[in-house]
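These are my notebook entries on a single protein chain. I set down what I looked up, in the order in which I looked.

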Amino acid sequence: MTQTPDQNPAAPEAAPADPANAPATAATPPTLEAQLAELQARHAEASDAFLRAKAEAENTRRRADEEVAKARKFAIEAFAESLLPVKDSLEAAIAIQNATPEQLLEGTHATLRQLSQALERNRVVQIAPPAGTRFDPHQHQAISVVPAEQEANTVVAVLQKGYLIAERVLRPALVTVAAPK
């Protein structure tokens, strides 16, 4: 009786078809343990980079918050500093015991000039539209509408000056406006 190679128990087994079960050689991919170790190392690097970036972002946000807080706290410093001479002038006027009305008026005018200069240095601009100026609801507040010999919706008189600060309305000018004819 002759045996075929398929039936020979001593015949070597055929190589498995599944490469995952094949023994590792230089030409085959790394083992699962090596892949896992590599992925864990990459994960540790990415986690470290993320934590560093997160800490840097938090530090930047904290520094920005501190800068904003300082800016708010000291924003008025320059304005207050420019008003101190005005206060000094008013105190000096009060300290004069026997001032004549002319002296008081002169001192008041000088103090008003100081105040106007301080406001201008800090970009506080007066809104005082001349009569006949077109009514602007963004800068003027109409108190009344009166019959007048001028074009309708124009300023007749300014009752109280308004002010802008850095081109933003701080207080609108209170005006009377010409009624339509």
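**Entry 1: the chain as a whole.** I note at the outset that the model is predicted. I looked up the secondary structure and found 3 helices and 6 strands in the protein chain. I then read the elements along the sequence, and their pattern is α-α-α-β-β-β-β-β-β.

Entry 2: In which order do the 3 strands of the open sheet stand? I read the order as 1-4-5, with antiparallel pairing. Strand 1 (124–127) and strand 5 (168–171) are at the edges and have a single partner strand each, so one side of each lacks a neighbour in the sheet. From one strand to the next, the twist averages 35°. I then followed the pairing of strand 1 with strand 4 (residues 162–165), which is antiparallel and runs over 4 bridges. Within this pair I located V124, which stands opposite I165 in strand 4.

**Entry 3: the largest nonpolar core.** Which residues make up the largest nonpolar core? I listed 6 residues in all: I127, V155, L164, A173, V175 and V177. Strand 6 gives the most to this core, namely 3 residues. In soluble globular proteins, nonpolar side chains tend to be buried together.

**Entry 4: V175.** I took V175 from the core list and looked up its contacts, setting aside neighbours within four places in sequence. V175 is in contact with P129, F135, H140, Q141, A142, I143, S144, V155, A157, V158 and L159. V155, one of these contacts, is itself a member of the core.

**Entry 5: T176.** I placed T176 in strand 6, which spans residues 173–178. Is T176 buried or exposed? Its relative accessible area is 9%, which is under the 20% cut-off, and T176 therefore counts as buried. Again setting aside neighbours within four places in sequence, I found T176 in contact with S144, V146, T154, V155, V156, A157 and L159.

Definitions and conventions:
Residues are numbered from 1 along each chain as its sequence is written. This is a predicted model: local features need pLDDT of at least 70, side-chain atom pairs count only at pLDDT 80 or more; totals for chains, interfaces and linings use all residues. Side-chain values use heavy atoms; hydrogens and water are left out. Helices (H or I, at least four residues) and strands (E, at least two) are DSSP runs, numbered from the N terminus. Two strands pair if DSSP finds at least two bridges between them. Axes are lines fitted to C-alpha atoms, for helices over the stretch in contact, and angles run from 0 to 180 degrees between N-to-C directions. Buried means under 20% relative accessible area, exposed over 50%, partly exposed in between (1.4 Å probe, protein chains only). Contact means heavy atoms within 4.5 Å. A nonpolar core is a set of buried Ala, Val, Leu, Ile, Met, Phe, Trp, Tyr and Cys residues joined through side-chain atoms within 4.5 Å.
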